[in-house]
Structure formats: C-alpha cells, structure tokens
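Dear colleague,

Please find the structure below, handed over for your reference.

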Amino acid sequence: MAIELKVPSVGESITEIEIGQWLKAEGDIVNKDENVVALESEKATVELPAPASGTLSRIVKRKGDKALVGEVIAYLEPSQKSKDETRIVRKAEKAPTTSPPAAAPAPATSPAPSPALAAVAAPPSAAPPVPAAPTPAPPSAPSVPQSEPATEVAKAPAPRTPLAPGREEEVVRMTPLRRTVARRLVEAQHSMAVLTTFNEIDLSAVIALRQEHQESFTAKHGVKLGFMSFFVKASIEALKAIPQLNATVLGEDIVYHNYFDIGIAIGSGKGLAVPVLRNAEQLSFAEVEKAVADFAARAKDNKLKPDELQGGTFTITNGGVYGSLLSTPIVNPPQSGILGMHAIQQRPVALGGNVVIRPMMYTALSYDHRLVDGREAVTFLVRIKEMIEHPARILLEI
C-alpha cells in the first residue's frame, strides 16, 4: 500500500508552505530517511525525508505549488524492486485509469458544435459536413455579445515586447522566506520610530588577545576564536545596563525580558536568516563560536530548523564580512534594537597626542525610539566600545 508523504509541521504559526526543489523524480528509488523534497516556509527551508525505503510513485504537488501542513504531496510505494521493474509495475497499474475507454462513441444525441467551433476543430482538408436537414446559417452574432469577449481581451496584460539579443530578462518568483523578509522589513519601517546612532571601536586589544590564545583555543575547542563571541558577550553586558533594548512594545505595555536570546543575522542561499542563541548569557566564548559556526554552515545548505529562527530579544548583524564599512541596520520586529558590526580598517587615530594607526570598526545601533531614548542608545554603544577595547571587562562583568 502506498505511503502518503505529508507536509510536516515546520514551526509555530506556520500553516502553509511552498514546494521547493524535488530532490527525487517519479520512479526514483529512495532509501529511508533520504531527503525527497525541499519545503519552503516563511521562516526557513526544510527537507522532507522518506519515512521508508521504496519508490516515489507519484508526485502530487510540483515545485512552486502551495500546500497546507498535513496535506499529501506525494506517494511512496514501499518496494525493494529495481527502478525499471517498479516503473513497469507503476505504468501497468496506472494504465486502466489513464487510458480512455476503448469503445466510447460520442453520444448520438450530443449537440452539434457551433459552426464557429467546427471551423476551428476541423482539419483544413476535411470536407464540409452535410447537415441532415437544410438549416439556415445562423445570423451573425449581435454586436453586444461580440463586444464582451473583445473587452475581456483588452483588459488582459499585454505580452512583453521581445528584447534585443543580449538584453534578455528572467522573472523568478520570490521564495516564501524572501517574501517574509521583505514584509517584515517594510513592517518595521511603518510600525516603529527607528533611529540609528554610530560609534567606532579600536580592535587592537581583541586582535592581540586572539593572536595570543588562538592556537590553544582552537586545539581545545575545535573552533577558532572569532570576533562575534566578544560582541555577543559585550552586547549582553550592555543590555543589562540598558534593559529597554532587550524589551518589546506590546500595545501600551512594555515587556522586559530577563533572558538574552541573541539573534545572529546570517546570509543564506535563500536570503537573510536570523537564528537565535538561546540564553546566550549562559554560553561560554567557545559555545558561542561553535553555535555561530554551526548556524553559518547549515544556513548555506538551508538546514536551519524553524524553531531556531523564532523569537530573539536582540539581534547582531555583521556586514563587515561582506566588506561593509558603514550601514543602518533595520530592527527585527518586535525587538527594539539591532547592533551592526562592520569591516575592520587600519586608520589613523589620535592617541595620547600622537597620530597612530589602529584597526578600527564602525558600529551602528538602530533602535525603536518609542521605547529607547537617544541617551540610552548612545550609552549602549559606549558600553560596547569600552568592553571591546578592554576585553577583560567582559570577563569581570564591569
């Protein structure tokens, strides 16, 4: 008996998905737990594994189709036969249902097609049919019925004008994830009073610390000591000082979160993803680096889980990995703030009355001005600056 492949639950509040790329075709043999199709939701792309070994006998939903959670999208025939044998059996089983009845003449009483339809359907060389009784040709259609189809045609979108060679265009439908990102970014602009404040940080101390301990850190933990763990830890301490940036506006109320779920913005193959470090205040530097590296690897393969993309009380985005020198990040609603990291550049700065060259980074904090005032926003960035320039303060929590 065929096994139904149904859309699984892919996250809280998600009731509909879009069928992505089918990894197997009809007639292909699949092994148990082998991924069959990619399912795209507004939060993530997940792959559906086969519940048993067998043959993918029929695909119900094609790429781009919508499907509800629990809806059947394909059938799997459990079998150990070879692909060729299974295809033969499948074709034989489907033949009675797909072939029309052998002797199914048109009903004798079926109405004759209109002359207009007969003229279209008949081959050019066919002789005109001889009517059973002389019937006068129908009068030309009145002007009103003729004008209605013409009006409908006029309303239809005109075909695109062919482009000159070398100027081709491609129209690609947005993925559910990209549509959600677009919707939420526009929502943030319309529902919040977003402002951005800036500062710059000298990375000399952190770079020296990384160089001194990188080898032993990597040997012990199996992951490199990056910059993100420093900024996550510094952000948590700054959020403790400015709790409004770790809060949410809910109607006329303010919800203060006494935990720190830090979202890390990561570019993926399907668009921007923001997996969340749950209870980041309880994680060590190594645990933060391992989690971020794991997020980045799975984001490239669209392997992030829906529940990893939900929630979050504050977000950090690092445009510096792409070379961004300065930007104004957009707050991820319903959060109240987002910290933007940028590229590290060797720049001349004044230090002790002298001009020296230091590795500098611009930082940006975008915040919801309904909840956070300018003074608190500036104080937050100053706290980040102090702890990154003196990383011992992070460990001492001062």
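In the protein chain, residues 24 or more positions apart make up 64% of the contacts (heavy atoms within 4.5 Å) that have a separation of 6 or more. This is a predicted model, in which local features need pLDDT of at least 70 and side-chain atom pairs count only at pLDDT 80 or more, while totals for chains, interfaces and linings use all residues. Residues are numbered from 1 along each chain as its sequence is written, and side-chain values use heavy atoms, with hydrogens and water left out.

Helix 6 (residues 228–241) packs with helix 8 (residues 374–389) at an angle of about 135 degrees, their axes being 9 Å apart (lines fitted to C-alpha atoms over the stretch in contact, with angles from 0 to 180 degrees between N-to-C directions). The contact involves F230, F231, A234, S235, E237, A238, L239 and A241 of helix 6, and F380, R383, I384, M387 and I388 of helix 8.

As for D28, this residue lies in the loop between strand 2 (16–22) and strand 3 (29–30). D28 counts as buried because its relative accessibility is 17%. Its side chain reaches the backbone nitrogen of A25 at 2.9 Å.

How values were computed
Helix = DSSP H or I, 4+ residues; strand = E, 2+ residues; numbered from the N terminus. Buried < 20%, exposed > 50% of the residue type's maximum accessible area, 1.4 Å probe, protein only. Polar contact = N/O pair within 3.5 Å; in protein donor to acceptor, adjacent residues only side chain to side chain.
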